Amino acid sequence: LLVIRHIRQLITCAGGAPRSGADQRDLPIVHDGAVAADGERILFAGPDKDLPVSLTTAPDTRVIDGRAFSVVPGFVDGHTHAMFAGDRREELRRRLGGASYAEIAAEGGGIVTTVRATRAASEEDLVASTRVRLAEMLGCGTTTAEIKSGYGLDVATELKMLRAIRRLASEQPVDLVPTFMGAHEIPLDYRHRREDYVRLVIDEMIPAVAADHLAEWCDVFCETGVFTPEESTRILQAGAGRGLKPRIHADELGASGGSQVAAVVGARSADHLIFVPGEGIRAMRDAGVVATLLPAAAFYLKLGRFAPARALIDAGVPVALATDVNPGGGFSPSMPFAMTLACFAMGLTFEEALAAATINGAYSLDRHDSVGSLEPGKLMDAVLVAGDPIDVIRVGAATIAGVIKRGKVVFQTSMLDPRSSQT
Ligand SMILES: [Zn+2]
(Lines give C-alpha, C1' and ligand atoms only; values in the text may rest on other atoms or scores of the structure.)
Protein backbone atom coordinates (compact mmCIF):
# COMPACT_ATOMS: atom_id res chain seq x y z
CA LEU A 1 0.00 0.00 0.00
CA LEU A 2 0.97 3.63 -0.56
CA VAL A 3 -0.55 6.17 1.82
CA ILE A 4 -0.02 9.94 1.80
CA ARG A 5 -1.12 11.38 5.15
CA HIS A 6 -1.77 14.84 6.57
CA ILE A 7 -1.76 16.45 3.14
CA ARG A 8 -1.70 20.23 3.47
CA GLN A 9 -4.39 20.69 0.80
CA LEU A 10 -5.96 17.86 -1.20
CA ILE A 11 -8.06 18.65 -4.28
CA THR A 12 -9.55 15.42 -5.63
CA CYS A 13 -11.60 16.89 -8.54
CA ALA A 14 -14.15 14.15 -7.72
CA GLY A 15 -17.77 14.59 -8.65
CA GLY A 16 -18.53 13.78 -12.26
CA ALA A 17 -17.29 14.58 -15.73
CA PRO A 18 -17.16 16.74 -17.66
CA ARG A 19 -17.28 19.88 -15.53
CA SER A 20 -19.07 22.79 -17.16
CA GLY A 21 -20.46 26.17 -16.18
CA ALA A 22 -20.23 26.91 -12.45
CA ASP A 23 -19.36 23.24 -11.75
CA GLN A 24 -15.98 23.75 -13.40
CA ARG A 25 -14.80 25.93 -10.51
CA ASP A 26 -16.53 23.96 -7.76
CA LEU A 27 -13.52 22.02 -6.48
CA PRO A 28 -13.61 21.56 -2.71
CA ILE A 29 -10.29 21.65 -0.83
CA VAL A 30 -9.70 19.00 1.82
CA HIS A 31 -7.39 20.32 4.53
CA ASP A 32 -5.33 17.64 6.33
CA GLY A 33 -6.21 15.09 3.64
CA ALA A 34 -5.10 11.56 2.86
CA VAL A 35 -4.89 9.35 -0.21
CA ALA A 36 -4.33 5.59 -0.10
CA ALA A 37 -3.71 3.18 -2.94
CA ASP A 38 -3.30 -0.57 -3.28
CA GLY A 39 -1.04 -1.13 -6.25
CA GLU A 40 -2.22 1.09 -9.07
CA ARG A 41 -5.75 1.74 -7.76
CA ILE A 42 -6.97 4.29 -5.25
CA LEU A 43 -8.69 2.90 -2.12
CA PHE A 44 -9.34 6.15 -0.28
CA ALA A 45 -9.16 9.91 -0.85
CA GLY A 46 -10.53 12.33 1.73
CA PRO A 47 -9.93 13.78 5.20
CA ASP A 48 -7.07 12.10 7.08
CA LYS A 49 -9.34 11.60 10.10
CA ASP A 50 -11.57 9.35 7.96
CA LEU A 51 -8.69 7.17 6.72
CA PRO A 52 -9.48 3.57 7.71
CA VAL A 53 -6.97 2.30 10.28
CA SER A 54 -6.51 -0.93 8.32
CA LEU A 55 -4.92 1.09 5.53
CA THR A 56 -2.17 2.45 7.79
CA THR A 57 -1.25 -0.70 9.69
CA ALA A 58 -0.61 -3.20 6.89
CA PRO A 59 3.03 -4.35 7.14
CA ASP A 60 4.00 -3.38 3.57
CA THR A 61 2.59 0.14 3.73
CA ARG A 62 4.73 3.07 2.63
CA VAL A 63 3.53 6.22 4.35
CA ILE A 64 4.49 9.63 2.94
CA ASP A 65 4.21 12.61 5.25
CA GLY A 66 2.19 15.18 3.28
CA ARG A 67 2.37 18.15 5.65
CA ALA A 68 4.65 20.19 3.38
CA PHE A 69 2.73 19.71 0.16
CA SER A 70 -0.58 19.50 -1.58
CA VAL A 71 -1.94 16.76 -3.83
CA VAL A 72 -3.93 17.11 -7.05
CA PRO A 73 -4.76 14.55 -9.77
CA GLY A 74 -2.13 13.80 -12.40
CA PHE A 75 -2.50 16.10 -15.40
CA VAL A 76 -4.14 14.84 -18.58
CA ASP A 77 -2.67 16.48 -21.71
CA GLY A 78 -5.29 15.91 -24.41
CA HIS A 79 -3.50 17.42 -27.42
CA THR A 80 0.14 16.80 -28.35
CA HIS A 81 2.28 16.26 -31.43
CA ALA A 82 5.10 14.95 -29.24
CA MET A 83 6.34 12.48 -31.85
CA PHE A 84 8.40 14.03 -34.62
CA ALA A 85 11.90 14.05 -36.08
CA GLY A 86 14.11 16.93 -37.10
CA ASP A 87 15.04 20.26 -35.60
CA ARG A 88 13.30 23.59 -36.19
CA ARG A 89 15.08 25.69 -33.59
CA GLU A 90 16.65 27.85 -36.32
CA GLU A 91 13.10 28.76 -37.37
CA LEU A 92 12.40 29.80 -33.81
CA ARG A 93 15.38 32.15 -33.86
CA ARG A 94 14.20 33.58 -37.19
CA ARG A 95 10.66 34.06 -35.93
CA LEU A 96 12.01 35.89 -32.91
CA GLY A 97 13.96 38.06 -35.36
CA GLY A 98 10.73 39.03 -37.08
CA ALA A 99 10.19 36.41 -39.81
CA SER A 100 6.59 35.27 -40.18
CA TYR A 101 5.54 31.64 -40.28
CA ALA A 102 4.23 32.27 -43.83
CA GLU A 103 7.69 33.47 -44.94
CA ILE A 104 9.36 30.46 -43.38
CA ALA A 105 6.84 28.08 -44.95
CA ALA A 106 7.25 29.73 -48.37
CA GLU A 107 10.99 28.94 -48.19
CA GLY A 108 10.23 25.27 -47.60
CA GLY A 109 10.37 25.41 -43.81
CA GLY A 110 7.64 24.76 -41.28
CA ILE A 111 5.75 21.49 -41.20
CA VAL A 112 7.31 20.36 -44.50
CA THR A 113 10.69 20.20 -42.73
CA THR A 114 9.25 17.97 -40.03
CA VAL A 115 7.50 15.70 -42.55
CA ARG A 116 10.76 15.20 -44.47
CA ALA A 117 12.69 14.34 -41.30
CA THR A 118 9.96 12.09 -39.92
CA ARG A 119 9.74 10.10 -43.16
CA ALA A 120 13.52 9.59 -43.03
CA ALA A 121 13.59 8.55 -39.35
CA SER A 122 13.43 4.93 -38.27
CA GLU A 123 10.76 3.68 -35.88
CA GLU A 124 13.54 3.27 -33.30
CA ASP A 125 14.64 6.89 -33.75
CA LEU A 126 11.08 8.10 -33.20
CA VAL A 127 10.70 5.97 -30.08
CA ALA A 128 13.98 7.25 -28.64
CA SER A 129 13.42 10.97 -29.29
CA THR A 130 9.81 10.91 -28.14
CA ARG A 131 10.70 9.06 -24.94
CA VAL A 132 12.79 12.06 -23.88
CA ARG A 133 9.86 14.44 -24.47
CA LEU A 134 7.48 12.23 -22.51
CA ALA A 135 9.91 12.20 -19.59
CA GLU A 136 9.88 16.02 -19.63
CA MET A 137 6.09 16.04 -19.64
CA LEU A 138 6.02 13.57 -16.74
CA GLY A 139 8.30 15.85 -14.71
CA CYS A 140 5.73 18.62 -15.28
CA GLY A 141 2.98 16.44 -13.82
CA THR A 142 1.48 14.86 -16.95
CA THR A 143 0.46 11.25 -16.28
CA THR A 144 -1.79 10.69 -19.34
CA ALA A 145 -1.18 12.20 -22.79
CA GLU A 146 -2.78 12.08 -26.18
CA ILE A 147 -0.24 11.81 -29.02
CA LYS A 148 -0.89 12.19 -32.73
CA SER A 149 0.55 10.94 -35.99
CA GLY A 150 0.43 13.48 -38.80
CA TYR A 151 4.06 14.15 -39.78
CA GLY A 152 4.09 11.31 -42.30
CA LEU A 153 1.28 12.23 -44.66
CA ASP A 154 1.87 8.94 -46.49
CA VAL A 155 0.58 5.51 -45.56
CA ALA A 156 3.91 4.01 -44.51
CA THR A 157 5.04 6.88 -42.28
CA GLU A 158 1.67 7.40 -40.63
CA LEU A 159 1.64 3.70 -39.69
CA LYS A 160 5.30 3.91 -38.57
CA MET A 161 4.46 6.76 -36.20
CA LEU A 162 1.48 4.91 -34.73
CA ARG A 163 3.52 1.74 -34.25
CA ALA A 164 6.20 3.79 -32.47
CA ILE A 165 3.51 5.30 -30.23
CA ARG A 166 2.25 1.81 -29.41
CA ARG A 167 5.77 0.73 -28.43
CA LEU A 168 6.26 3.79 -26.23
CA ALA A 169 2.97 3.14 -24.49
CA SER A 170 4.44 0.01 -22.93
CA GLU A 171 7.98 1.32 -22.39
CA GLN A 172 7.57 4.39 -20.16
CA PRO A 173 5.21 5.56 -17.40
CA VAL A 174 2.93 8.10 -19.17
CA ASP A 175 -0.31 6.49 -20.39
CA LEU A 176 -0.63 7.30 -24.10
CA VAL A 177 -3.83 7.81 -26.09
CA PRO A 178 -3.10 7.42 -29.85
CA THR A 179 -4.68 9.62 -32.52
CA PHE A 180 -4.43 9.17 -36.29
CA MET A 181 -3.96 12.55 -38.00
CA GLY A 182 -3.15 11.84 -41.63
CA ALA A 183 -5.24 14.95 -42.33
CA HIS A 184 -2.74 17.28 -40.62
CA GLU A 185 -1.71 18.99 -43.88
CA ILE A 186 -1.87 18.45 -47.65
CA PRO A 187 1.55 17.11 -48.69
CA LEU A 188 3.45 19.18 -51.26
CA ASP A 189 3.01 16.70 -54.12
CA TYR A 190 -0.79 16.73 -53.64
CA ARG A 191 -1.29 20.50 -53.51
CA HIS A 192 -2.78 20.59 -57.03
CA ARG A 193 -4.83 17.41 -56.62
CA ARG A 194 -6.06 17.70 -53.05
CA GLU A 195 -9.06 15.39 -53.62
CA ASP A 196 -6.58 12.59 -54.32
CA TYR A 197 -5.08 13.14 -50.87
CA VAL A 198 -8.48 13.16 -49.15
CA ARG A 199 -9.19 9.86 -50.90
CA LEU A 200 -5.82 8.46 -49.77
CA VAL A 201 -6.68 9.31 -46.16
CA ILE A 202 -10.19 7.83 -46.42
CA ASP A 203 -9.57 4.80 -48.64
CA GLU A 204 -6.10 3.67 -47.55
CA MET A 205 -4.87 5.25 -44.33
CA ILE A 206 -7.99 4.93 -42.18
CA PRO A 207 -8.66 1.26 -43.11
CA ALA A 208 -4.99 0.36 -42.45
CA VAL A 209 -4.95 2.16 -39.08
CA ALA A 210 -8.23 0.56 -38.03
CA ALA A 211 -7.23 -2.93 -39.17
CA ASP A 212 -4.24 -2.92 -36.81
CA HIS A 213 -6.06 -1.03 -34.02
CA LEU A 214 -3.26 1.54 -34.07
CA ALA A 215 -5.35 4.54 -33.02
CA GLU A 216 -8.35 5.38 -30.88
CA TRP A 217 -9.12 8.79 -32.40
CA CYS A 218 -9.13 10.47 -35.80
CA ASP A 219 -8.22 14.17 -36.03
CA VAL A 220 -8.33 16.71 -38.88
CA PHE A 221 -6.83 20.19 -39.24
CA CYS A 222 -9.92 22.10 -40.42
CA GLU A 223 -8.62 25.50 -41.52
CA THR A 224 -8.58 27.80 -44.53
CA GLY A 225 -5.84 26.48 -46.82
CA VAL A 226 -5.71 23.08 -45.11
CA PHE A 227 -8.90 20.95 -44.96
CA THR A 228 -12.32 22.47 -45.66
CA PRO A 229 -15.31 21.80 -43.39
CA GLU A 230 -16.73 19.49 -46.08
CA GLU A 231 -13.47 17.49 -46.39
CA SER A 232 -13.08 17.41 -42.60
CA THR A 233 -16.61 16.04 -42.21
CA ARG A 234 -16.00 13.29 -44.77
CA ILE A 235 -12.69 12.25 -43.18
CA LEU A 236 -14.04 12.22 -39.62
CA GLN A 237 -17.16 10.29 -40.65
CA ALA A 238 -15.02 7.76 -42.52
CA GLY A 239 -12.91 7.35 -39.38
CA ALA A 240 -15.98 6.94 -37.20
CA GLY A 241 -17.24 4.27 -39.59
CA ARG A 242 -14.05 2.30 -38.80
CA GLY A 243 -14.24 2.86 -35.05
CA LEU A 244 -11.93 5.90 -34.83
CA LYS A 245 -13.62 8.50 -32.63
CA PRO A 246 -13.58 12.08 -33.99
CA ARG A 247 -11.77 15.16 -32.64
CA ILE A 248 -10.75 18.24 -34.59
CA HIS A 249 -8.40 21.24 -34.88
CA ALA A 250 -10.96 24.03 -35.18
CA ASP A 251 -11.05 27.81 -35.68
CA GLU A 252 -7.37 28.30 -34.83
CA LEU A 253 -6.36 30.91 -37.40
CA GLY A 254 -9.82 32.09 -38.43
CA ALA A 255 -13.50 31.22 -38.04
CA SER A 256 -13.17 28.42 -40.57
CA GLY A 257 -16.12 26.27 -39.51
CA GLY A 258 -14.38 23.60 -37.43
CA SER A 259 -16.52 24.08 -34.34
CA GLN A 260 -19.69 23.46 -36.38
CA VAL A 261 -18.09 20.37 -37.97
CA ALA A 262 -17.33 19.09 -34.46
CA ALA A 263 -21.00 19.38 -33.55
CA VAL A 264 -22.19 17.72 -36.78
CA VAL A 265 -19.90 14.67 -36.53
CA GLY A 266 -20.28 14.32 -32.76
CA ALA A 267 -16.62 15.02 -31.98
CA ARG A 268 -15.65 14.59 -28.35
CA SER A 269 -13.37 17.62 -28.55
CA ALA A 270 -12.77 20.69 -30.73
CA ASP A 271 -9.31 22.15 -30.16
CA HIS A 272 -7.67 25.63 -30.36
CA LEU A 273 -10.88 27.70 -31.00
CA ILE A 274 -9.12 31.06 -30.94
CA PHE A 275 -11.61 32.44 -33.48
CA VAL A 276 -14.65 30.33 -32.55
CA PRO A 277 -17.80 32.31 -33.44
CA GLY A 278 -20.87 32.56 -31.22
CA GLU A 279 -22.82 30.07 -33.32
CA GLY A 280 -19.92 27.63 -33.02
CA ILE A 281 -19.99 27.94 -29.23
CA ARG A 282 -23.72 27.26 -29.18
CA ALA A 283 -23.38 24.29 -31.55
CA MET A 284 -20.65 22.79 -29.35
CA ARG A 285 -22.69 23.25 -26.19
CA ASP A 286 -25.79 21.63 -27.75
CA ALA A 287 -23.75 18.69 -29.07
CA GLY A 288 -21.72 18.18 -25.87
CA VAL A 289 -18.33 18.93 -27.44
CA VAL A 290 -15.41 19.71 -25.11
CA ALA A 291 -13.35 22.83 -25.90
CA THR A 292 -9.68 21.88 -25.60
CA LEU A 293 -7.72 25.13 -25.43
CA LEU A 294 -3.99 25.39 -26.18
CA PRO A 295 -2.92 28.81 -24.91
CA ALA A 296 0.79 28.02 -25.12
CA ALA A 297 0.42 27.56 -28.89
CA ALA A 298 -1.23 30.97 -29.27
CA PHE A 299 1.49 32.44 -27.05
CA TYR A 300 4.46 30.96 -28.88
CA LEU A 301 2.96 31.72 -32.31
CA LYS A 302 2.58 35.33 -31.15
CA LEU A 303 -1.01 35.37 -32.38
CA GLY A 304 -1.81 38.27 -30.07
CA ARG A 305 -5.03 36.71 -28.88
CA PHE A 306 -6.36 33.67 -27.07
CA ALA A 307 -9.48 31.52 -27.25
CA PRO A 308 -12.57 33.05 -25.57
CA ALA A 309 -12.36 30.71 -22.59
CA ARG A 310 -14.70 32.74 -20.39
CA ALA A 311 -17.40 32.87 -23.06
CA LEU A 312 -17.09 29.10 -23.55
CA ILE A 313 -17.40 28.36 -19.83
CA ASP A 314 -20.21 30.86 -19.36
CA ALA A 315 -22.08 29.27 -22.29
CA GLY A 316 -21.81 25.86 -20.59
CA VAL A 317 -19.10 24.29 -22.77
CA PRO A 318 -16.68 22.15 -20.73
CA VAL A 319 -13.16 23.56 -21.16
CA ALA A 320 -10.01 21.41 -21.12
CA LEU A 321 -6.38 22.52 -21.40
CA ALA A 322 -3.52 20.91 -23.30
CA THR A 323 0.07 21.81 -24.26
CA ASP A 324 0.15 21.23 -28.05
CA VAL A 325 3.76 20.02 -27.75
CA ASN A 326 5.08 20.14 -31.34
CA PRO A 327 8.24 21.06 -33.25
CA GLY A 328 6.98 24.46 -34.48
CA GLY A 329 5.32 26.51 -31.75
CA GLY A 330 4.85 23.90 -29.06
CA PHE A 331 7.94 24.59 -26.99
CA SER A 332 6.58 23.91 -23.53
CA PRO A 333 5.85 20.42 -22.24
CA SER A 334 4.26 21.94 -19.16
CA MET A 335 0.59 21.67 -18.24
CA PRO A 336 1.25 24.11 -15.36
CA PHE A 337 2.38 26.67 -17.98
CA ALA A 338 -0.84 26.10 -19.95
CA MET A 339 -2.74 26.59 -16.67
CA THR A 340 -0.80 29.80 -16.01
CA LEU A 341 -1.77 31.24 -19.38
CA ALA A 342 -5.36 30.06 -18.87
CA CYS A 343 -5.49 32.06 -15.64
CA PHE A 344 -3.57 35.18 -16.65
CA ALA A 345 -4.35 35.47 -20.37
CA MET A 346 -7.79 33.82 -20.66
CA GLY A 347 -9.40 34.82 -17.38
CA LEU A 348 -9.95 31.42 -15.76
CA THR A 349 -9.89 30.91 -12.02
CA PHE A 350 -7.26 28.52 -10.67
CA GLU A 351 -9.97 25.94 -9.94
CA GLU A 352 -11.33 26.18 -13.50
CA ALA A 353 -7.83 25.72 -14.89
CA LEU A 354 -7.18 22.74 -12.61
CA ALA A 355 -10.42 21.02 -13.65
CA ALA A 356 -9.49 21.77 -17.28
CA ALA A 357 -6.07 20.13 -16.81
CA THR A 358 -7.40 17.03 -15.06
CA ILE A 359 -10.99 15.76 -15.16
CA ASN A 360 -12.05 17.63 -18.30
CA GLY A 361 -8.88 16.57 -20.11
CA ALA A 362 -9.67 12.99 -19.09
CA TYR A 363 -13.22 13.36 -20.42
CA SER A 364 -11.92 14.81 -23.69
CA LEU A 365 -9.98 11.55 -24.16
CA ASP A 366 -12.78 9.28 -22.91
CA ARG A 367 -10.57 8.30 -19.93
CA HIS A 368 -12.69 9.90 -17.18
CA ASP A 369 -13.65 6.50 -15.75
CA SER A 370 -10.02 5.73 -14.89
CA VAL A 371 -8.13 9.04 -14.53
CA GLY A 372 -8.66 12.78 -14.03
CA SER A 373 -9.71 12.70 -10.37
CA LEU A 374 -8.63 11.06 -7.13
CA GLU A 375 -11.47 8.66 -6.30
CA PRO A 376 -11.62 5.04 -5.10
CA GLY A 377 -11.26 2.68 -8.05
CA LYS A 378 -9.42 5.11 -10.28
CA LEU A 379 -5.71 4.96 -11.06
CA MET A 380 -3.39 6.42 -8.41
CA ASP A 381 -2.07 9.21 -10.65
CA ALA A 382 -1.16 12.28 -8.60
CA VAL A 383 0.96 15.41 -8.53
CA LEU A 384 2.56 16.48 -5.24
CA VAL A 385 2.89 20.27 -5.15
CA ALA A 386 5.25 21.98 -2.70
CA GLY A 387 3.04 24.39 -0.78
CA ASP A 388 -0.56 25.02 -1.85
CA PRO A 389 -2.05 23.70 -5.11
CA ILE A 390 -1.89 27.18 -6.66
CA ASP A 391 1.91 27.14 -6.25
CA VAL A 392 1.98 24.82 -9.27
CA ILE A 393 1.56 27.87 -11.54
CA ARG A 394 4.68 29.59 -10.20
CA VAL A 395 6.41 29.15 -13.57
CA GLY A 396 10.11 28.47 -13.21
CA ALA A 397 10.02 27.41 -9.57
CA ALA A 398 10.48 23.70 -8.92
CA THR A 399 7.15 23.33 -7.15
CA ILE A 400 6.37 19.81 -8.36
CA ALA A 401 7.84 17.73 -5.55
CA GLY A 402 6.72 14.39 -6.92
CA VAL A 403 4.63 12.61 -9.52
CA ILE A 404 2.88 9.31 -8.86
CA LYS A 405 1.75 7.16 -11.80
CA ARG A 406 -0.27 3.97 -11.24
CA GLY A 407 0.76 3.98 -7.59
CA LYS A 408 4.51 4.34 -8.22
CA VAL A 409 6.59 7.42 -7.51
CA VAL A 410 7.96 8.06 -11.01
CA PHE A 411 9.40 11.55 -10.45
CA GLN A 412 10.60 13.23 -7.29
CA THR A 413 12.72 16.07 -6.04
CA SER A 414 14.73 16.06 -2.83
CA MET A 415 11.63 17.31 -1.03
CA LEU A 416 10.08 13.87 -1.41
CA ASP A 417 13.07 12.12 0.06
CA PRO A 418 12.65 8.57 1.37
CA ARG A 419 14.27 9.69 4.64
CA SER A 420 11.35 12.02 5.30
CA SER A 421 8.80 9.20 5.16
CA GLN A 422 7.96 6.68 7.84
CA THR A 423 6.83 3.09 7.51
ZN1 LIG B 1 -2.43 20.29 -32.94
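Leaving aside neighbours within four places in sequence, H79 is in contact with E146, K148, H249, D271, H272, T292, L294, A322, T323, D324 and V325, where contact means heavy atoms within 4.5 Å. The structure is a predicted model, in which local features need pLDDT of at least 70 and side-chain atom pairs count only at pLDDT 80 or more, while totals for chains, interfaces and linings use all residues. Residues are numbered from 1 along each chain as its sequence is written, and side-chain values use heavy atoms, with hydrogens and water left out.

**Setting of H79**

H79 is found in the loop between β6 and α2 (89-96). Helices (H or I, at least four residues) and strands (E, at least two) are DSSP runs, numbered from the N terminus. With a relative accessible area of 0%, H79 is buried; buried means under 20% relative accessible area, exposed over 50%, and partly exposed in between (1.4 Å probe, protein chains only). H79 and L365 are separated by 286 residues in sequence, and their C-alpha atoms are 9.3 Å apart in space.

**The sheet**

Eight strands form an open sheet in the order β6-β7-β8-β9-β10-β11-β12-β13, with parallel pairing. Two strands pair if DSSP finds at least two bridges between them. At the edges stand β6 (75-77) and β13 (319-321), each of which pairs on one side only. Direction ignored, neighbouring strands of this sheet are turned by 25° against each other on average. Axes are lines fitted to C-alpha atoms, for helices over the stretch in contact, and angles run from 0 to 180 degrees between N-to-C directions.

Strand β7 (residues 142-148) pairs with β8 in the parallel sense over five bridges, and A145 stands opposite L176 in β8. On β8, nine of the nine residues are buried, so this strand is largely enclosed by the rest of the structure. Strands β8 and β9 run parallel and are joined by three bridges; the bridge partner of T179 is W217 in β9. Further along, β11 (residues 269-272) and β12 (residues 290-293) pair in the parallel sense over three bridges, with A270 opposite A291 in β12.

Two helices are described against these strands. Helix α9 (residues 258-265) packs on the sheet, touching β10 and β11, and its direction makes about 170° with that of β10. Helix α8 (residues 229-241) lies across β8 (175-183), β9 (217-221) and β10 (245-250), running at about 170° to β9.

**Pockets**

On a 1 Å grid over the protein atoms alone, a pocket is an open set of points where a 1.4 Å probe fits, with protein on both sides within 12 Å along at least five of seven lines; lining residues have an atom within 4 Å of a point. Grid points are joined across faces, edges and corners, and a volume is the space filled by probe spheres set on the points.

| Pocket | Volume |
|---|---|
| Largest pocket | about 840 Å³ |
| Second largest pocket | about 320 Å³ |

Of the 36 residues that line the largest pocket, R88, Y101, F221, L253 and L301 are the closest to its centre. The elements giving two or more residues to this lining are α3 (101-106) and α4 (111-120), and α3 gives the most, with three residues. By class, the lining of the largest pocket has 15 nonpolar, 13 polar and eight charged residues. Here Ala, Val, Leu, Ile, Met, Phe, Trp, Tyr, Cys and Pro count as nonpolar, Asp, Glu, Lys and Arg as charged, and the others, Gly among them, as polar.

The second largest pocket is lined by 14 residues, of which F84, R133, N326, P327 and F331 lie nearest its centre. Its lining has five nonpolar, four polar and five charged residues.
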